Amino acid sequence: MSEEDRIARKTRRQARKRARILEVAEEVLVEFGLPGFTVAAVAERADLSKPSVYYYFESREALLSALLADHFARETHALLDAVERAESGLGALEAMMRAFVAHHRDDYAGFRALQIWALSGDAPPDLMAQEVYPLSWKLMGELEAKLERDRADGALSADVEPRRLANVALMTVHGIVNVHAGMDAMGAGLRYELDGLLDEACANLVRGAKA
């Protein structure tokens, strides 16, 4: 085996181990919350030594930051993929809303835990500025450009501001998932099903934005 092959194999092995640590870290965060989130707990759950975890993440805070960045990256790439595949701006708007719900509906616990931490004020400003915001801006920029083309083609009302519409759509589905996640945590049911609320939200936003 060549030196290049050995380096490539080592890199792949390290990437798998890092991904496994992040996967376990999310499980620990969901199960024990921020107070119980420790490197020791993650190492034990992952069947690793603490030094092994510290090899990839220098501190508890660094591990939390990486977890948050990974969470938002996966979420945003799922939404961006949906937006890029849509042919029109309004189609992209609806596709983004449906992609957000699809991405989170099977992991309400992870959604709750990471949102709580992201909004707690403890997320490092540098992380948000370097990892989270650029992805969000890319997503919003792509959607805004498609909505602008809709407006130029006469499909979008001249009174609608594309960036504002994109943000309203994202906040709407975020709210829907957040409420369902909270009710799920309490073991309570909702009068309206998730898919029904999503369908109505999409229909109302698209209908209100059309020229």
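Student: Which domains does the domain assignment give for the protein chain?
Tutor: The assignment, automatic or from a database, gives domain 1 (1-57) and domain 2 (60-208). Residues are numbered from 1 along each chain as its sequence is written. This is a predicted model, where local features need pLDDT of at least 70, side-chain atom pairs count only at pLDDT 80 or more, and totals for chains, interfaces and linings use all residues, while side-chain values use heavy atoms, with hydrogens and water left out.

Student: How do you know that domain 1 is in contact with domain 2?
Tutor: Contact means heavy atoms within 4.5 Å, and 13 residues of domain 1 are in contact with 14 residues of domain 2. The C-alpha centres of the two domains lie 28 Å apart.

Student: What makes up the area buried between domain 1 and domain 2?
Tutor: Buried area is the accessible area (1.4 Å probe) that two parts lose on being put together, summed over both. Here that is about 1300 Å², with carbon and sulfur atoms giving 78%. Glu-26, Leu-34 and Phe-37 supply 44% of what domain 1 buries against domain 2, more than any other three residues.

Student: Why is the pair Glu-26 and Arg-74 called a salt bridge?
Tutor: The rule asks for a side-chain nitrogen of Lys or Arg within 4 Å of a carboxyl oxygen of Asp or Glu. The side chains of Glu-26 and Arg-74 meet at 3.7 Å, N to O, so the pair qualifies. The count between the two domains is 1 salt bridge.
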